[in-house]
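Work through the two exercises below with the sequence and the coordinates open beside you.

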Amino acid sequence: MDETKSQPPLLYPPYQSTIRRAPSRPLIRLPQNFGDLTAPVYGYLPLGDTDNDLTRQHAGEPLGERIIVAGRVLDEDDRPIPHTLVEIWQCNAAGRYLHARDDHPAPLDPNFTGAGRILTDADGRYEFTTIKPGAYPWRNHPNAWRPAHIHFSLFGTSFQSRLVTQMYFPNDPLFPFDPIMQSVPDEQARQRMVSRFELSLTKPEWALGYRFDIVLRGRNSTPFEERT
Ligand SMILES: [Fe+2]
């Protein structure tokens, strides 16, 4: 399959922010120098014990449905990508971000920040414990609601290798109405942004499990935002 069909275009007018954000002139390739390629962004900062457990970052437990999100980061040949920084951010169970610009009338949760990070292990694996995010309205068009999602960022060895995507949950009825998801032209590629429920990841009497593998490039690539 043509890889371009698996990636969203920079300009997709139904997703209104892309009208302001998309470049109107041809891109200029900046020359890469050694410093750009070798300087890790977060690699020297130690990861904390609770960085990949968003339910243990405060004095109490956040409200909502506890979930495990786990998977592997892979290249186009299914080879694992070890020691890659995976960061996530998300709203709480009520659909509210802990962010100054989120004025959606839903409650904040004092026990939930909504940000986490982990390095993949030698087999490219990562795992987060978190709360299932809620849907939220976003004013892109009348009655616009985002399907529940978790934002993902992946860093290789430098800022220049950052990739950003969103993970969705299976069978969300909002998929057909979401211009961010629909900006990815190919249906199979859209499905690669949807996690799958996996009983073996579920921890009995504790949390449901969702599998989300991320493929960095190639014909089975995960769709990424603003990749040029
Ligand atoms: Fe979001």
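The exercises that follow treat a metal site and a pocket in turn.

This is a predicted model, in which local features need pLDDT of at least 70 and side-chain atom pairs count only at pLDDT 80 or more, while totals for chains, interfaces and linings use all residues. Residues are numbered from 1 along each chain as its sequence is written, and side-chain values use heavy atoms, with hydrogens and water left out.

**Exercise 1.** Identify the protein donors of the iron ion and classify their arrangement.

*Solution.* Begin with the donors (N, O and S atoms within 2.8 Å of the metal, or 3.2 Å for Na, K and Ca): Y97 (OH), Y136 (OH), H149 (NE2) and H151 (NE2) lie 1.9 to 2.2 Å from the iron ion. Next, read their spacing along the sequence, which is Y-x38-Y-x12-H-x1-H. Within this set, Y136 in strand β5 and H151 in strand β7 (residues 149-155) are 15 residues apart and link distant parts of the chain; both Y136 and H151 are buried, meaning under 20% relative accessible area. Finally, take the angles: the 4 donor atoms subtend 91 to 158° around the iron ion, and the arrangement is therefore irregular.

**Exercise 2.** Describe the largest pocket and its lining.

*Solution.* Start from the volume, about 1100 Å³, which is the space filled by probe spheres set on the grid points. Then consider the 30 lining residues, of which Y97, R101, D102, Y136 and W138 are the closest to the centre of the largest pocket. By class, the lining has 10 nonpolar, 11 polar and 9 charged residues. The largest share from an element, 3 residues, comes from α1.

Methods: On a 1 Å grid over the protein atoms alone, a cavity is a set of points where a 1.4 Å probe fits but cannot get out, and a pocket is an open set with protein on both sides within 12 Å along at least five of seven lines; lining residues have an atom within 4 Å of a point. Helices (H or I, at least four residues) and strands (E, at least two) are DSSP runs, numbered from the N terminus. Ala, Val, Leu, Ile, Met, Phe, Trp, Tyr, Cys and Pro count as nonpolar, Asp, Glu, Lys and Arg as charged, and the others, Gly among them, as polar. Four donors count as tetrahedral if all angles lie between 85 and 135 degrees; four count as square planar and six as octahedral if opposite donors are over 155 degrees apart and all others between 65 and 115; anything else is irregular. Buried means under 20% relative accessible area, exposed over 50%, partly exposed in between (1.4 Å probe, protein chains only).
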